[in-house]
Structures are given as C-alpha cells and as structure tokens.
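The following paragraphs lead through a structure step by step, moving from its ligand shell to a helix, then to its domains and some backbone details. Please keep the model open while reading.

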Amino acid sequence: MNVTTEIHQRSAQGVEHFDVLIVGAGISGIDAAYHLQQHCPDKKFVLLETQETFGGTWHTHKFPGIRSDSDLFTFGYKWKPWSGPPIATAGEILKYLDEVLDEQDIRKHIRFRHSVSTATWSSKENLWTLEVQRGDTGETLRFTCNFLWMCQGYYRHAEGYTPDWPGMDRFQGRIVHPQTWPEDLDYKNKKVVVIGSGATAATIIPAMAKDCAHVTMLQRSPTYFIAKPNQNELADMLRLLDIPEAWTHEIVRRKILQEQNTIQRRSFEEPEALKQELLAGIRAYLGDDFDIETHFMPSYRPWQQRLAVILDGDMLKDIRDGRASVVTDHIESFTETGILLKSGKELEADIIVTATGFNMSALGDIAFTIDGEPLDFANCWAHRGILFSGVPNLAYVFGYLRASWTMRADMVSEFVCRLLNHMAEKGARSVTPQLRDDEKQMEPRPLIEAKNFNAGYITRQLHILPKQGDRQPWIFSQDYYAEKDEIPNADLEDGTLIYS
Ligand SMILES: Cc1cc2nc3c(=O)[nH]c(=O)nc-3n(C[C@H](O)[C@H](O)[C@H](O)COP(=O)(O)OP(=O)(O)OC[C@H]3O[C@@H](n4cnc5c(N)ncnc54)[C@H](O)[C@@H]3O)c2cc1C
C-alpha cells in the first residue's frame with residue numbers, strides 16, 4: 001500500500017492525518033506554525049491545544065500584575081516587531097500573539113480543547129498516532145502525523161507546585177497558588193504573606209500592596225533582583241526619529257543581547273563586582289540601614305538564575321514605605337492564623353500566596369510508545385536540546401531559562417524546518433538521532449547543570465529530563481551566544497542523524 005492510499009484509508013476511519021502536528025498553541029507553538037508556513041509551505045499541519053484559547057503561559061496565569069520579566073524586544077519574535085514598552089503585561093503579550101494569528105492566518109490551523117494523551121510511533125508505517133481528548137465533547141479522537149513538534153512548554157498548566165507544609169489544613173484563611181488564581185479573591189485590606197521570592201513574587205507583591213493591609217514576602221533564601229524603569233532609551237530615540245519599527249526592533253534587540261552577554265561574561269569573570277553592583281541597586285532604594293545581606297544577597301553567583309526584574313523599583317518602594325516587608329526564615333508550620341517560623345516568629349495572614357513555582361512535566365505528560373515499547377525520555381540523549389536519541393521524527397522546544405525563551409524557540413523552529421526540507425530533498429520518511437560509535441561511552445550529564453542554572457523547579461525534576469553529553473551535537477548549553485552560530489550551521493549529515 002502506498003503512503004497516499006494508506007492516509008486516505010485512515011481518514012475514512014475518522015483518523016485525521018497531517019504532515020506535521022504541533023502540540024501547544026503558546027508562544028512556541030505559534031512560532032513553529034509561522035516558520036512552517038514560511039519555510040515548508042507544502043506541509044499540511046495542525047496545532048492541538050488543551051486550553052480553550054492560545055497563549056499558554058500568558059493565558060494560564062491570571063494573578064495580579066502578571067507581566068513578562070524579559071523585555072519584549074527579545075521575548076517577542078525576531079520576525080514581528082514589538083512596539084510597546086520593554087516589559088509587557090500578559091494582556092499585551094496575548095494581543096501581540098492575537099495579531100500574529102491574524103496577520104499570518106494561523107488561527108484556522110489551531111484546534112482548541114484538544115489534549116494529546118498518547119503518542120505511538122510505528123517504524124513500519126513511519127507514523128505517529130495520537131490519542132486526543134476533546135475538552136468540550138469528551139470524545140477521544142485519533143490523529144496521525146509524520147512529524148511531531150512538541151511545543152508544550154516545560155510545566156503542567158493545570159496546577160502549580162505547592163510544598164506540603166505541616167498544619168496547612170489548620171489555616172483558617174485562603175491558600176492560593178498564582179497559577180490557579182481564584183477570580184473571586186478579595187484581598188482588600190487583608191494581611192497577605194507571599195511565600196517565595198522569584199519573578200512571580202516580585203510581580204504580585206507590588207500589585208497586591210496597593211490594596212491589601214500589608215504584604216510580607218517570606219523567603220527561605222534571597223534572589224538577585226534588578227530594578228529597572230520600563231523604558232528603553234534607544235527604542236524611544238529610534239521611534240522619535242521615525243525609524244521603521246522592524247529596524248528599531250532589530251537594533252534594540254541586538255543592544256539588549258549585547259548587554260546580557262556582558263552580564264553573563266562578568267558573572268563568570270568578576271562575579272563579586274557584579275554582585276556588589278546588584279546589591280548597590282537595592283541599597284539605593286532601601287538605604288544603608290536595611291539588612292541587605294540577609295534579605296537580598298543570594299548564596300549563588302549572579303546569573304545562575306534569571307535576574308528578576310523590579311519595575312521602577314516598585315517592590316522596593318513598597319518595602320521602604322512599609323506597605324510590604326521581607327522575612328528570610330524557614331517555615332515550621334502553618335497555624336490557624338498564619339505561619340510559625342523556625343526562628344519562633346509568627347506571621348499573621350488572612351491570605352497565603354504560594355509563589356513556589358511549577359511542576360515540571362516532560363513533554364506534556366503524554367504517554368509515548370515507540371514500536372510497542374513505552375518511552376522514558378530520561379533514557380534519551382538530547383540532540384542539541386531539540387531532538388532525542390532513538391526517537392524518530394520528533395522535535396521539541398525548550399527555550400532559554402535566563403535569556404528570553406523565544407530566542408531559542410525561533411532558532412529551533414528554523415532548525416526543524418531545515419531538517420524537514422533536508423528530509424524531503426533526500427526522500428527520507430524518518431530521521432532518528434543516534435550516538436556515533438565513539439560516543440557510546442560518553443559520560444551523561446544532567447540536561448540543565450546546577451552550576452549553570454539552579455532554580456528549584458528544575459533541580460526537583462531533573463530526573464525526568466533527557467541527559468546531555470560532553471560534545472556536540474549532544475550538548476545543551478543554554479547559551480544563546482554559542483547556539484546562535486552552532487544551530488543555524490549544524491551539519492545534518494554528521495552521522496548522528498539516521499535517515500530512512
Ligand atoms: C508567570 C510566568 C512568567 C514568565 N515570564 C517569562 C519571561 O518574562 N521571559 C521568558 O523568557 N520566559 C518566561 N516564562 C517562561 C514561559 O513559560 C516561556 O517563556 C514561554 O511563555 C513558554 O511558551 P511555550 O509556548 O513554549 O509554552 P507554554 O506557554 O507553557 O504553552 C504550552 C501550551 O501547550 C499546551 N499543552 C501542553 N501539553 C499539552 C498536551 N498534552 N496536549 C495539548 N496541548 C498541550 C498548554 O496548554 C499550553 O497552552 C514565564 C513563565 C511564567 C509561568
């Protein structure tokens with residue numbers, strides 16, 4: 001039976017077939033669709049999305065003040081200029097993506113409320129078969145595709161990560177996770193404790209401090225913050241000069257990347273000087289008498305985690321003016337009225353916000369099977385952090401954790417389209433990464449190394465992620481400045497990609 005007959009038979013059985021199937025309609029899935037249309041116009045594709053609308057992260061999170069931490073010149077796509085201030089609200093990001101869906105005519109390719117639960121590869125048919133649950137009708141559908149493009153993000157959208165503290169059930173107030181923010185939560189004049197001190201805490205605290213009686217940031221250990229105005233002088237100047245938006249976007253993007261490169265280099269070469277500069281930025285708001293060392297001096301090197309942005313110093317001003325405070329301590333237990341700390345101190349609260357991060361998920365919690373064998377991604381080697389050893393016709397997008405995620409999504413999209421076109425030129429129906437003989441003894445390393453990036457949500461779940469090696473193409477450096485040259489020039493015939 002030839003391929004076309006086989007596909008016709010499948011659609012007669014109610015199974016829909018696509019050349020490429022994209023899982024997820026967040027910023028990465030939409031990016032993948034754009035690139036497919038640009039570079040592989042003959043491919044028939046679909047995006048399947050669990051939620052009722054697009055945007056992923058920016059639709060899921062609805063906590064007060066929700067905004068980007070990255071600037072949109074780099075978090076926005078390389079190919080669609082950003083015309084607003086650098087930091088954007090979730091609403092502004094969704095509007096930008098909405099424009100993309102219209103301008104690029106992508107909306108018609110998305111199926112909302114379609115959740116992929118299983119993916120099964122058959123080497124005989126060179127085909128993925130997916131089981132998909134429809135959220136609105138409860139039906140189970142089947143799709144087949146030649147190539148599966150995973151743009152499902154890196155965490156479980158349905159629920160955030162909340163540690164299990166003793167006594168939580170005794171607490172008489174409300175416990176809320178930012179990822180599942182209740183629409184009816186009234187925090188006016190309430191005492192609020194936010195557990196955690198990452199970017200989410202830095203966003204929520206100033207937004208809530210406007211209305212609540214007092215908000216306390218409770219952290220086990222400090223985070224590096226950088227106070228910045230929501231303004232980019234270069235962008236403002238170029239806009240004043242009426243320079244075309246696309247040029248402004250590209251020029252400002254390059255300048256920001258160059259500045260980030262300098263910070264990254266300095267974090268290795270002169271970490272102490274960089275640390276002191278960051279602390280001086282905090283001291284400028286809180287004054288010399290504030291105990292910066294206890295509350296704002298992390299034990300890790302700057303850039304080992306993303307530097308969390310404090311917009312216009314808002315959270316620091318709240319602390320300075322008494323609307324907010326910071327406590328660095330450990331939780332002993334929850335009580336009826338708040339939190340008892342290891343130091344013996346008690347924090348009173350009406351509402352406790354657990355800004356304690358995500359539950360990571362490897363590839364959208366989908367059960368993968370290859371030729372009848374269940375697939376455990378932890379056993380695979382990541383091929384440039386895009387493909388997996390032993391897994392045919394599957395790519396996934398894992399963006400940058402410290403720089404903007406999307407810069408890598410753009411790069412991965414270009415790589416995948418190049419790979420698809422290369423397969424078409426060769427007449428290959430499948431591509432499977434495989435270690436070369438001299439790589440079989442390679443020492444495995446965690447996909448994200450703690451010395452490089454040590455956020456809790458990653459270190460907690462490292463064991464579910466694939467491993468990396470010690471040489472290309474088995475390295476996942478999370479380093480834009482290395483990958484911007486490596487990925488576009490990657491050799492698709494280096495002996496690690498087996499075509500059939
Ligand atoms: C509050 C918050 C702020 C952030 N701020 C920044 C920032 O400023 N800069 C930055 O670089 N990064 C930031 N991030 C990280 C952020 O997740 C990424 O940058 C980016 O939005 C990820 O986009 P994505 O499309 O890859 O994944 P997501 O946004 O996670 O979208 C994935 C989509 O896939 C869908 N999906 C998952 N599994 C399935 C399945 N089995 N079937 C069908 N659909 C599925 C989900 O429903 C979701 O819509 C932030 C994250 C959070 C939570």
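Helices, in the sense used here, are DSSP runs of H or I with at least four residues, strands are runs of E with at least two, and both are numbered from the N terminus. With that naming in place, the largest share of the shell around the ligand, three residues, can be assigned to α2. The model is a predicted one, and every value below is computed from it.

The shell as a whole consists of 31 residues, and the closest of them to the ligand are Gly24, Gly26, Gly56, Gly153 and Gly364. Two elements, α2 and β4 (114-122), each give two or more residues to this shell. Sorted by class, the residues around the ligand are ten nonpolar, 19 polar and two charged.

Setting aside neighbours within four places in sequence, the contacts of Ile30 are with Ala25, Phe54, Leu97, Val100, Leu101 and Ile106. When residues up to four places away in sequence are not counted, Ala33 touches Ile22, Phe45, Leu47, Ile106 and His109. Ala33 and Ile292, by contrast, are 259 residues apart in sequence and 46 Å apart in space, taken from C-alpha to C-alpha.

Two packed helices are described by the angle between their axes and the distance between the axes. For α2 (residues 27-39) and α12 (residues 405-426), the axes come within 9 Å and cross at roughly 40°, and the crossing is right-handed. On the α2 side the contact involves Ile27, Ser28, Asp31, Ala32, His35, Leu36 and His39, which meet Thr406, Ala409, Asp410, Ser413, Glu414, Cys417 and Asn421 of α12. Taken together, the residues of this contact comprise five nonpolar, six polar and three charged.

At the level of the whole chain, the domain assignment gives domain 1 as 3-157 + 360-499 and domain 2 as 162-356. The C-alpha centres of domain 1 and domain 2 are 30 Å apart, and 25 residues of domain 1 are in contact with 30 residues of domain 2. The side of domain 1 that touches domain 2 divides into 14 nonpolar, six polar and five charged residues.

Some backbone details complete the tour. In the loop between β24 (467-468) and α14 (480-486) lies Pro473, and the peptide bond leading from Gln472 to Pro473 is cis, with omega near 10°. Which residues other than glycine have a positive phi? Asn189 has a phi near 60°, and Trp303 has one of about 80°. Asn189 sits in the loop between β7 (174-176) and β8 (191-195), whereas Trp303 is found in the loop between α10 (292-296) and β11 (308-311). Are these two residues buried or exposed? Asn189 has 10 other C-beta atoms within 10 Å and so is exposed, while Trp303 is buried because 20 other C-beta atoms lie within 10 Å.

Notes:
Residues are numbered from 1 along each chain as its sequence is written. This is a predicted model: local features need pLDDT of at least 70, side-chain atom pairs count only at pLDDT 80 or more; totals for chains, interfaces and linings use all residues. Axes are lines fitted to C-alpha atoms, for helices over the stretch in contact, and angles run from 0 to 180 degrees between N-to-C directions. A crossing is left-handed if the near helix is turned anticlockwise from the far one by less than a right angle, and right-handed if clockwise. Two residues are in contact if their C-beta atoms, placed from the backbone, lie within 7 Å. Ala, Val, Leu, Ile, Met, Phe, Trp, Tyr, Cys and Pro count as nonpolar, Asp, Glu, Lys and Arg as charged, and the others, Gly among them, as polar. A residue is near a molecule or strand if its C-beta atom, placed from the backbone, lies within 6 Å of it. Domain bounds come from an automatic or database domain assignment. A residue is buried if 20 or more other C-beta atoms lie within 10 Å of its own, exposed if 12 or fewer, and partly exposed in between; C-beta atoms are placed from the backbone.
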